[in-house]
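This report is for a reader meeting the structure for the first time. Please look over the sequence and the model before reading on.

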Amino acid sequence: MTDLAFQRQVKTGALSDHIRRVRHWGPVALTLLVILLIGGITLGYAGAPLDAPALVNSTPGQLALWMAEQSQEDAPVSLLGQAAKRWAASLGQESLTPETILAAMRTVIVLITGVLLALLVAGMVGLSRGVLWSRRALLLALAGMDTLLFILPPDGGATELALLLFSLFLMLVILLVAPGRVTKVLGFMVVLSALLLAWEVFKAFADWASYRVVLPEQNWTYTPYPTLDEALHALENGDADAVIADTKELTPLAPSVRPDDNAPDPATLPHPNVRLLTTIDKNTSRLGLPIIPAFPGRLTVAVRADDANRWTAVSELVNQRLAAVEGSFAADKLLSQPRQWMLIDLSIGNDLNLPHLQKIAEALFQPARRNGPVLLVRILATAAQFTWTEAVLGFAAGALLGFALGTLFAHSPLMERGLLPYVVASQTIPILAIAPMVVIWLGASPISVAVISAYLTFFPVTINTLRGLKSPHPNALELMHSYAASRWTILWKLRLPAALPYIFTALKVSATASVVGAIIGELPSGIGDGLGRAILDFNQYYTSDPAKLWAAIFIAALVGIGFFVLVVLAERWLMPKRAALE
């Protein structure tokens, strides 16, 4: 080996050692930084007074205020209200004060952050020693941070929320670069946490940018006049190129550039030498993106008769001398406002369109009606149980029908060629068109909802069962035939075991589809006990209280995820070897 080759090998080895040290100690250092950030949140809440906005506006803080109100009732309906009443009795009081429950809730938040700190310390120690359980501790810490996103308020606790968001970002980086195998649970939690982080970061950015990304444009050049007559006289005298005012105010004073048959004689109007550009293009967008503020439809442009054909769009008037009435709508809402080219509209990030995660959790742990006796989470849990029952019935019926059709098609090529196109065509019909007919045929009952749910469920089971039953190798089928095995024996001994992975893949899809079908089926059936009715009711009040609708959507998503997890557990129980390979 030459000296040059030896030096290159030494440099390559030193670089590799440096990279290994960075990958080993980098996550440890980042975890230490996360510990300091979470420690700051813990100290902030541990020393916070009971009237601090960060505590009072938090989800536990708002729940504490409601529990204090419920403890004043003679016979509270809710379980938490009854617990508050018993707590007050144990203290020898008729009712609990808000300060008492707020102190308890502050302790709960500090305990949550304390457990989170313990998990982070354990994960940091594990990373420094290279043990395998360190990722599990960090994964639990990540779940704890996600929980805090639903607790810490954006109003009054902005500092704590900012520290949490930065900590969550660092934790995602740690889990991605830390050594070890990426499991399904880890991947799911990382993606979920990234979505929650993106949710809050997007809202923060949209609020900072005033919900729009804009570029400055040239402003209007205008002169305000005390009255409209004076502005029109300035136009006629050449002191202005155009007047912008309300159409209703200009119409009696000057003729239109294209008068209709009923229009008065221009000579009889106060300003016969002025023309109203009623047909001028009021669109001010560029490249399909709007320029704000937009030109209001209630305004009209007035010009001299000689200039009636000079301008065809209001965008051409930007460089011209304009006149308007001082204090009028045109002056205050259009001409005096800075013109901006809006590149991106971020209004979806405002609180009416996309509430904070903490506001959604707060809505869950507040009564559905103002000062009501029952929390929204209890109402939605009852509705979710009802919907899940309908989904289970539909899932079972659809799965059995799909398995039967798939088995029939696998053993009868004639039936497959004759009926499979109709099975595929059935899925091209929108479920919203099918649902009302099913309700009319079967009546407004959970059975009709289950049938609608089964309609969405049977198709993937049918296709995957057919594919799975046909998946055995021809040599395996020939071997079974050589043993004189019957079709029934071949089905249970060879085809079905080979088809189980395909069937369970379809069942996972059908589990979530059955919940969607049940919710959709509840809408035309008029059933008021399920999530469909709750979503429909809260949708009517979305503009005033969007958090309740999002809370209902979150509960519906949890029902679907829970059903999916049950199918996964069943798959692991029936096929442990395949689960071990995954």
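The text below covers salt bridges and then a nonpolar surface patch.

This is a predicted model, in which local features need pLDDT of at least 70 and side-chain atom pairs count only at pLDDT 80 or more, while totals for chains, interfaces and linings use all residues. Residues are numbered from 1 along each chain as its sequence is written, and side-chain values use heavy atoms, with hydrogens and water left out.

**Salt bridges**

Side chains of opposite charge can pair when their charged atoms come close. The structure holds 12 salt bridges, a salt bridge being a side-chain nitrogen of Lys or Arg within 4 Å of a carboxyl oxygen of Asp or Glu.

| Pair | N to O distance |
|---|---|
| Arg 286 and Glu 217 | 2.7 Å |
| Lys 508 and Glu 571 | 2.8 Å |
| Arg 533 and Asp 537 | 3.8 Å |

Helices (H or I, at least four residues) and strands (E, at least two) are DSSP runs, numbered from the N terminus. Arg 286 forms a salt bridge with Glu 217. Because Arg 286 sits in the loop between β4 (274–276) and β5 (291–292), and Glu 217 in the loop between β1 (212–216) and β2 (221–225), this pair ties together parts that are 69 residues apart in sequence.

For accessibility, buried means under 20% relative accessible area, exposed over 50%, and partly exposed in between (1.4 Å probe, protein chains only). Arg 286 counts as partly exposed at 34% relative accessibility, whereas Glu 217, at 18%, counts as buried.

Lys 508 pairs with Glu 571.

Arg 533 and Asp 537 both lie in helix α19 (residues 531–540), 4 residues apart, about one turn of the helix. Arg 533 is partly exposed, at 25% relative accessibility, and Asp 537 is partly exposed at 30%. Elsewhere, salt bridges that share partners join Asp 241, Arg 304, Asp 307 and Arg 321 into one network.

**Nonpolar patch**

Patches are made of residues with over 30% relative accessible area and no salt bridge; like charges are joined within 9 Å, and nonpolar side chains (Val, Leu, Ile, Met, Phe, Trp, Tyr) within 5 Å. Accessible areas come from the Shrake-Rupley method with a 1.4 Å probe; for residues, only the protein chains shown count as cover.

A nonpolar surface patch of about 800 Å² has Phe 188, Leu 192, Trp 388 and Leu 558 among its residues. The elements giving two or more residues to the patch are α8 (184–208) and α20. Helix α20 gives the most, with 6 residues. Leu 192 is placed in helix α8 and counts as partly exposed, at 32% relative accessibility.
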